[in-house]
6 protein chains.
Amino acid sequence: MRILLINPNTSVSITDRLMASASTATSADTELVPVTAHRGVPYIASRIEAAIASNVVMELLAEHSTGIDGAIIAAFGDPGLGAARELMDYPVVGLAETGMLTACMVGKRFSIVSFARALAPWYRETVEWHQLVDRLASIRMPDTDFSNINDVQTEMQTTLVALAQSAVTEDQADVIVFGGAPLSGLVKEVLNDIPVPVIDCAAAAVMQLETLIRLKLRRPIAGTFRRPPAKPSTGLPPELARRIGHQDN
Amino acid sequence: MRILLINPNTSVSITDRLMASASTATSADTELVPVTAHRGVPYIASRIEAAIASNVVMELLAEHSTGIDGAIIAAFGDPGLGAARELMDYPVVGLAETGMLTACMVGKRFSIVSFARALAPWYRETVEWHQLVDRLASIRMPDTDFSNINDVQTEMQTTLVALAQSAVTEDQADVIVFGGAPLSGLVKEVLNDIPVPVIDCAAAAVMQLETLIRLKLRRPIAGTFRRPPAKPSTGLPPELARRIGHQDN
Amino acid sequence: MRILLINPNTSVSITDRLMASASTATSADTELVPVTAHRGVPYIASRIEAAIASNVVMELLAEHSTGIDGAIIAAFGDPGLGAARELMDYPVVGLAETGMLTACMVGKRFSIVSFARALAPWYRETVEWHQLVDRLASIRMPDTDFSNINDVQTEMQTTLVALAQSAVTEDQADVIVFGGAPLSGLVKEVLNDIPVPVIDCAAAAVMQLETLIRLKLRRPIAGTFRRPPAKPSTGLPPELARRIGHQDN
Amino acid sequence: MRILLINPNTSVSITDRLMASASTATSADTELVPVTAHRGVPYIASRIEAAIASNVVMELLAEHSTGIDGAIIAAFGDPGLGAARELMDYPVVGLAETGMLTACMVGKRFSIVSFARALAPWYRETVEWHQLVDRLASIRMPDTDFSNINDVQTEMQTTLVALAQSAVTEDQADVIVFGGAPLSGLVKEVLNDIPVPVIDCAAAAVMQLETLIRLKLRRPIAGTFRRPPAKPSTGLPPELARRIGHQDN
Amino acid sequence: MRILLINPNTSVSITDRLMASASTATSADTELVPVTAHRGVPYIASRIEAAIASNVVMELLAEHSTGIDGAIIAAFGDPGLGAARELMDYPVVGLAETGMLTACMVGKRFSIVSFARALAPWYRETVEWHQLVDRLASIRMPDTDFSNINDVQTEMQTTLVALAQSAVTEDQADVIVFGGAPLSGLVKEVLNDIPVPVIDCAAAAVMQLETLIRLKLRRPIAGTFRRPPAKPSTGLPPELARRIGHQDN
Amino acid sequence: MRILLINPNTSVSITDRLMASASTATSADTELVPVTAHRGVPYIASRIEAAIASNVVMELLAEHSTGIDGAIIAAFGDPGLGAARELMDYPVVGLAETGMLTACMVGKRFSIVSFARALAPWYRETVEWHQLVDRLASIRMPDTDFSNINDVQTEMQTTLVALAQSAVTEDQADVIVFGGAPLSGLVKEVLNDIPVPVIDCAAAAVMQLETLIRLKLRRPIAGTFRRPPAKPSTGLPPELARRIGHQDN
């Protein structure tokens, strides 16, 4: 199967890191097709940036879906996830969603640990959108800033481990979800320093999407994610305009 | 004071209707400055279209805010509302938000009545985002489609009244919120046919925004809507890039 | 328009303070008509005192409503608010309600800061009655007592600012609501000491009530606040007995 | 032990009916001391009337507590219950509270069945105050009015049984709570017509209060129901003024 | 009346302690019939042990119910309570359930205080099963282990009092529930050291069960606890097999 | 990898059906090891039967885990799931859990459709245990009984399709979860008759468990599912006694 891995950030280095982590999780017959946002910011960390990214994700899905069996929106806040499910005929999953749902099979309550305080409100809204607040122990972020998004794993490793330990001790987390594409692959470095399981979202996303594809679920023609009626539009890239106008199939 | 009224739909006819209704609600010293989306669909009715609109709203805010004291995002699902609050120094409100919060002072539970079944999932998520589900009696939509967005008030008047009556009788609604910019101004036509108060969101939005402006609230430098740190960006319109990069003030 | 401002406390000094703050918020054509409780305690701070005040509010509404367009119950716990909506044909709002709903347009979660620990349980029940618990960050009160209700603003200013700062830092409040009629007008003194917006409930109440009056909403004849059927009664003041007995119109 | 049974309605016939039902539930050594409201309405059915009753309950408690070991507020909405707990040193329970909590030991979800549609909003708020909404299956009321409060059991028996049956069949109620003092004693008439257990609130209230008294619980000096500090007051009956002013012990 | 007191732990010393506390709470005409688990662990403190105990409780109920009017499952997590209600024709209550519901008549929010950290997850699930989380202030457990289950009251008294005090001061508990059969009878030792009421679950359970028996409630033939249809079975003790197969009546 | 598939029902025919469905979902290198309950009832449909099954699951896990990498509790109510996670070092999942969490990636709200009305209360409690009630649209069961558990798919196919269609139309379900081991494999027969995706729980369980095993998560030594301390026991099968007593590793 061919899986579209959409990085809604404009940093190709984050795409590379996501691919490295996701590749370890694919089945033998799965090909990952990476695509990086052409518009936006190097690393999404606010609602403003997510609002832009949601639109960009629509454009990337419309443009790159030929021969694709499923897609991953590879930013932790899952920008545009609900919209993507309306737009496409194949399964789409988000990094936050698959990380959290996988965590739910391992503990009663999970904590999200990430690297930038500005992310907390957006991440909180993501948990609320998925209606998993009852399963959330806490969202833990450092008070200090990172200096370079590409080195955030190395630079912040000690801090992130300490946050995870606090989540377990003080917030009663049973499992940790590392939030944010730049943390992909970190789990294996810190496995023994954290007393509960830790979820790598990129790996979880690939495996969960493969599961959905293998289940051969039908496209809904009712319910919240059925395809909306055809619409005319103004000013959109041609592939997206055709998809919204039902002129593509 | 000068209020920016952003119509995230591309239909100028909806802008006109919003202005007609909003104008009846302004104070003597208030000027409404309308602006219509340059990209997107004539009438937003799905998450896909809201995802595009959220981005467009960011662009319109960045471009049209000189001399503005506050802004209304004039589509019922409040696309981009949280992001707009991060982005701008002045108050921003949404049509759904102000309609619902005004309704909360009139009844314990409100019902949203609108004109297109496709809107229901997006409206439901809007109520959830505002965490007002406990105050929601129901969302009622017709099963049939409208033929023309500009005539939807006339064409659907009987249907909308019947839906409102059912919301009161069957769902125990204490107050009705007419959802969707195209219904602006309808309230006065049907006042006597519905046994509970009905809220016109465009009128409520103008008055609520005036209240926020008059309270002279400070711009937060902490909390969920404080301004995010400056960011470089790629491919954005120059005004929005400057605003996100903190190069505008 | 003429607005009845009911102070359910027996202290005329609190009525004066409320009037000073509310007057700054009225439109040019609005007249505020103050009335002070004739029975009860100087400052309501417990459920006992609120139970008494709820009855007193009914009596004051029945007695003072000639020529009135709307009423404010000017104590933070909103004593008798639901009952007042059943009783009167015009809009009635409460200090807590309007403060909290206004805060909801400024932040995701608000904290209530007030001056006496005894108030916390009653305030908590007020938030629950309005079903706004999901939007509540915390209720913060000092551990120490005030010496004189008339000087509480001056005496407690430093403490209240510190509580508000803690609400932001520790409880993630995005906006502060100063709770209690004796704090009316304090906001402008401390604006620069608190990093998020602060709501003055008396000002918010006046503006919100004006909004409801201007919307010319119909009196409900269905739903939770429709007028109850006529009832005979025993031992009530004549105006209230007539109003309950439907002998007044 | 001596139990004060407060009927917040002014109808002595309701007091008699309550006493008849409660008397069957008392232990051998328990004496019931009935007292009927001197102010208010014959039968409380709205928030207005409950607001008045809450005040009256304070007065009756202050006046009639000599030699009393505990009190029952014998109206289903529990008017003044929280205030009564602050006011008195002995246990106080409400009809709704004890009926619902007893029901919780018999089924997962209970329905409240009563005889007048106007009662529903007040009853709903009572369930919310006790935070038992998750255990509530429904509140079922007839659409038609009763003609005489004293005959409501006889007149409405068939209707009430049908409502209870619908609550079981359509709302998945596991147990029925008959709501309202005038229904005291009805349970034994309809036992075989309803397929699940039915709770008589007056009987439950007596037994639950006896349990609290026998447990010899201490008066709280912390928490939500600790006694508020002494207060001066204006215009209150002397016993209540003394109790609020801490001049009675 | 004859009440079956089932100790799902295998320790006879715990049965003795339960009997000592429960005996002080019975009415004159009540006989307590104790029975101790024949299979399992000396003291249940995990979900594993509760899973075993749930089965054992079914066996004990089936075997010992001749001439019995009601049963208490005398372990705080109420193992098998829902199943027991399906199985038996008489009322069955649990130690946690009756402790918590009794506490609800004394405070708005209760804290559970117990003696072993391992109990917390199981106790939390018990509160959730009863849907009383909104009434829960906290669950407080010591960090240190006890040395002997029989001496846990003496050994841990100081610690338990300190935990209860913290629950009041830091978690805003209005009432304390001592969790766990081995704490039966401790309340009277510490009454003056804790500023709010404390519930002894064994005493509460006896009185609550007597209340249910006296109410002469009918056996439900609908709803969640109606008796399941007859079933064949394999490998069960003969009394339980007969009860499940409806061959016993 | 080797996966233990535990059928907590005593019917070997259900084990066979589970294996047929699960086998279609395994990876090439996965071996399924089936085991059938030796004690209990042919098909679990009540809390009584689940209470027995929870104990049996503990015994089967302790006895059959040599060389096993993970286990599935293959009954929809997930009997003993939390206990199993405490007991074993490898991942354990339940049929209901994996079906529901998989459904959450396909729709906002799922409905559970099954074949016997008696199952509804137990299934409801399962959804509550997993704290997924916000994602639940409804539980739909037929009113009529099936005649033979082995033929329930064929016998009930038309009925189950109609229930699923009603769940979509009336309850706004976005995805259907077929509940109950006897329905394994039915999805492919009815794919085109239901307008939304349908989840086969046995297939989902295998794939989700494989995902957990591949993630190589560490055994928690903190949090809700850490291994409880060693305990002595009485009357348990030797393998279970050794596992509980930590004498097995």
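Predicted model: local features only at pLDDT ≥ 70, side-chain atom pairs only at ≥ 80, totals over all residues.
Figure 1. Of the 249 residues of chain A, 61% count as buried, and the chain contains 9 helices and 8 strands. The radius of gyration of chain A is 18 Å, which agrees with the value near 18 Å that a compact globule of 249 residues would have. When contacts within chain A between residues at least 6 apart in sequence are considered, 70% of them join residues at least 24 apart.

**Figure 2. The relation between chain E and chain F.** Chain E is superposed on chain F by a rotation of 180° with 0.0 Å of shift along the axis, and the RMSD of this superposition is 0.0 Å. That is the relation of a two-fold axis. Within chain E, the C-alpha nearest the axis belongs to Asn55(E), at 3.1 Å from it. Of the interface residues of chain E, 100% are also interface residues in chain F, so the copies meet through the same surface.

**Figure 3. The contact between chain F and chain A.** This contact takes 35 residues from chain F and 35 residues from chain A. On the side of chain F that touches chain A, the elements that give two or more residues are α4 (95-103) and α8 (201-214) of chain F, and of these α8(F) gives the most, with 7 residues. The residues on this side of chain F divide into 21 nonpolar, 7 polar and 7 charged. Two other pairs of chains stand apart from one another: no contact joins chain A and chain E, whose closest C-alpha atoms lie 9 Å apart, and likewise no contact joins chain B and chain F, where the closest C-alpha atoms also lie 9 Å apart.

Figure 4. In chain D, 4 strands form an open sheet in the order β6-β5-β7-β8, with parallel pairing. The edges are held by β6 (136-140) and β8 (198-200) of chain D, each of which has a single partner strand, so one side of each is left without a neighbour in the sheet. From one strand to the next, the twist averages 25°. Strand β5 (residues 110-113) of chain D is joined by 4 bridges to strand β7 (residues 175-178) of chain D, and the two run parallel; Ile112(D) stands opposite Val177(D) in β7(D). Helix α4 (residues 95-104) of chain D lies across β5, β7 and β8 of chain D and runs at about 170° to β7(D). Helix α8 (residues 201-214) of chain D also packs on the sheet, where it touches β7 and β8 of chain D, and its direction makes about 65° with that of β8(D).

**Figure 5. The surroundings of Pro34(C).** Pro34(C) has its place in strand β2 (residues 31-36) of chain C, and with 18 C-beta neighbours inside 10 Å it counts as partly exposed, because a residue is buried only if 20 or more other C-beta atoms lie within 10 Å of its own. Although Pro34(C) and Leu5(C) are 29 residues apart along the chain, their C-alpha atoms are separated by 4.7 Å. Leaving aside residues up to four places away in sequence, Pro34(C) touches Leu5(C), Asn7(C), Thr15(C) and Met19(C).

How values were computed. Residues numbered from 1 in each chain as written. Chains lettered and ligands numbered in written order. Least-squares fit on C-alpha atoms with pLDDT ≥ 70 in both. Contact = placed C-beta atoms within 7 Å. Nonpolar A, V, L, I, M, F, W, Y, C, P; charged D, E, K, R; others polar. Pairing = 2+ DSSP bridges. Axes fitted to C-alpha atoms, helices over the stretch in contact; angles between N-to-C directions. Buried ≥ 20, exposed ≤ 12 C-beta atoms within 10 Å, placed from the backbone. Rg over C-alpha atoms; globule rule 2.2 N^0.38 Å.
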